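I opened a new page for this one.

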Amino acid sequence: MHSYSPRDGHGLAHDPLNSIVAPRPIGWVSTVAQDGTRNLAPYSFFNLLNYRPPIVGFSSTGHKDSVTNAESTGEFVWNLATRALAEPMNETSASVGPEVDEFALAGLTPEASALVRPPRVAESPVAFECRVTRIQELTDVDERGVGAWLVLGEVVQVHIDDSLLVDGVFDTLAADPLLRGGGPADYFTISQESRLRMTRPDAR
């Protein structure tokens, strides 16, 4: 059993934490700066955190453009990263200046949102328009800032491609979501063979 204290280092070739907590949905977040410059970036720390109201959140290591823009405008859009969009999604992870429009950089089409200013990715089959509910720096147990910012947002509008709705149920498998794994470059997808269905004991 390999045991270690994260504060003392893991002693391995690569930090295992993001390989253990995996695969994870990708927070492909679009925002706009105050001057109207579009920004699009993927975050590997992202998830749905509440049903009613629906709240999603992503964490940014460093106060990056997405955080700055969400802070100044109070809005962002989450776009579903799919296997078909893997390459352009990866292009938007490039370290570029705030003046660069990642939609243009990755050859993606910005589509106007219904309720918020940031555009959604037209090529993505699902998008959540969000209004910021909280932004705060994460802290350690000694309440010291760790240089990572958590951005939470209420989903105020949902867009789903009709082809992914089967008898009123979202077809996750057909959406073919791209999921972040561990290591410096691992991603995963899902398959029919990996499907496992279980019913909660109190719902039987």
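Below are my notes on an annotated span, one arginine, and some ring contacts.

**Ground rules.** I'm working with a predicted model, where local features need pLDDT of at least 70, side-chain atom pairs count only at pLDDT 80 or more, and totals for chains, interfaces and linings use all residues. Residues are numbered from 1 along each chain as its sequence is written, and side-chain values use heavy atoms, with hydrogens and water left out.

**Rings.** I counted four aromatic pairs (Phe, Tyr or Trp six-membered ring centres within 6.5 Å; planes under 30 degrees apart are stacked, over 60 edge-to-face, the rest tilted). Y43 and F58 sit 4.8 Å apart by ring centre with planes at 40 degrees, so I noted a tilted pair. Y43 is in strand 3 and F58 in strand 5, so this pair ties together parts 15 residues apart in sequence. Both are buried (under 20% relative accessible area; exposed is over 50%, partly exposed in between; 1.4 Å probe, protein chains only). W78 and F128 are tilted too, at 4.7 Å and 50 degrees. That pair links strand 6 to strand 9, 50 residues apart.

**Arginine.** I checked R120 in strand 8 and found it buried at 15%.

Definitions and conventions
Helices (H or I, at least four residues) and strands (E, at least two) are DSSP runs, numbered from the N terminus.
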